[in-house]
Amino acid sequence: MSDSVNTPEVPRPAPGGEHHPGESVRHTRAKGEPRFPDGPKADPAGSHFERRIRSFQPRRSRVTAGQADALQRLWPKWGLDIDGHAVDLVELFGNARPVVLEIGFGMGEATARMAAADPDTNILAVDVHTPGQGNLLNLADRSGLDNVRVANGDAIILLREMLAPDSLDGLRVYFPDPWPKKRHHKRRLIQPEFLSLAATRLKPGAVVHCATDWEPYAEQMLDVLTAHPDFENTRADGGFAPRPAFRPLTRFEGQGLDKGHVVNDLLFRRVQHGDR
């Protein structure tokens with residue numbers, strides 16, 4: 001589920017018009033008018049942090065009326081703008097249950113299913129895709145899920161600036177952008193520097209779970225995670241893991257499998273130095 005920036009049109013009914021569920025509607029905003037006055041900010045961190053190569057790319061995408069409504073209604077309650085200010089996870093979720101960070105959730109269907117299947121685990125789901133943010137909020141609302149929070153912005157800033165050490169019980173990165181061209185490999189999320197940062201926020205014993213249908217990227221993930229001193233493979237043979245039952249088979253993944261794609265899961269445990 002790759003994360004990507006977008007600049008959507010805000011669905012808003014024309015005078016005398018009506019919205020239908022799932023319908024995407026054009027709206028011309030006045031100069032300076034925010035897309036969602038009570039929703040996620042367009043650039044929550046602003047220019048307060050250094051420029052660097054990012055693992056997500058800009059793209060435009062429209063927001064349906066239902067997604068826009070969810071963003072307006074639910075963002076103040078369940079949304080988090082990644083603006084660089086420290087966040088208290090107990091305060092954010094209203095409880096001290098374990099928290100798993102998911103980076104890049106697409107349209108959120110799998111996230112909502114995992115949240116429903118494991119209500120005792122909180123999921124902090126990060127993406128910059130506005131339609132997906134609205135869709136996940138809508139799914140959580142319709143299913144009565146209180147263990148999902150949606151974060152908008154750069155996951156690196158969230159990890160580095162906002163989360164406390166040893167505050168996460170797990171990290172999930174499912175189907176990130178593979179950046180297949182060699183000159184773009186530096187944009188891939190799973191790199192030694194990223195893992196070193198993530199390790200500081202993960203509790204000992206927390207599991208990093210990655211999945212990809214791009215085999216060259218899967219091999220790189222396996223090499224990078226295996227070589228990192230803060231992680232150990234949960235597989236005794238040092239290889240890929242079968243898809244665990246708690247990770248739902250998504251529609252996108254099913255279509256890929258029908259075409260003969262190979263999906264690889266990796267589950268690595270956070271260790272403390274001296275534990276190996």
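This is a predicted model: local features need pLDDT of at least 70, side-chain atom pairs count only at pLDDT 80 or more; totals for chains, interfaces and linings use all residues.
User: Ok, and which residues of α5 and α6 make the contact?
Analyst: On the α5 side they are Ile-156, Leu-159 and Arg-160, while α6 brings in Phe-194, Leu-197 and Arg-201. Sorted by class, the contact of α5 with α6 has 4 nonpolar and 2 charged residues, and no polar ones.

User: At roughly what angle do the axes of those two cross?
Analyst: The axes of α5, which covers residues 155-162, and α6, which covers residues 192-201, cross at roughly 45° and come within 9 Å. The two helices are therefore oblique to each other, since angles under 35 degrees would count as roughly parallel and 65 to 115 as roughly perpendicular.

User: Switching topic, where is Pro-131?
Analyst: Pro-131 lies in helix α4, which runs over residues 130-143.

User: Is Pro-131 buried or exposed?
Analyst: Pro-131 counts as buried because its relative accessibility is 3%, and buried means under 20%. Its C-alpha atom is 7.3 Å from that of Ser-61, although Pro-131 and Ser-61 are 70 residues apart along the chain.

User: And the whole chain, how many helices and strands does it have?
Analyst: The protein chain has 8 helices and 10 strands, and 51% of its 276 residues count as buried. Its accessible surface comes to about 13500 Å², with 50% of that belonging to carbon and sulfur atoms.

Definitions and conventions. Residues are numbered from 1 along each chain as its sequence is written. Side-chain values use heavy atoms; hydrogens and water are left out. Helices (H or I, at least four residues) and strands (E, at least two) are DSSP runs, numbered from the N terminus. Buried means under 20% relative accessible area, exposed over 50%, partly exposed in between (1.4 Å probe, protein chains only). Accessible areas come from the Shrake-Rupley method with a 1.4 Å probe; for residues, only the protein chains shown count as cover. Axes are lines fitted to C-alpha atoms, for helices over the stretch in contact, and angles run from 0 to 180 degrees between N-to-C directions. Angles under 35 degrees count as roughly parallel, over 145 as roughly antiparallel, 65 to 115 as roughly perpendicular and the rest as oblique. Contact means heavy atoms within 4.5 Å. Ala, Val, Leu, Ile, Met, Phe, Trp, Tyr, Cys and Pro count as nonpolar, Asp, Glu, Lys and Arg as charged, and the others, Gly among them, as polar.
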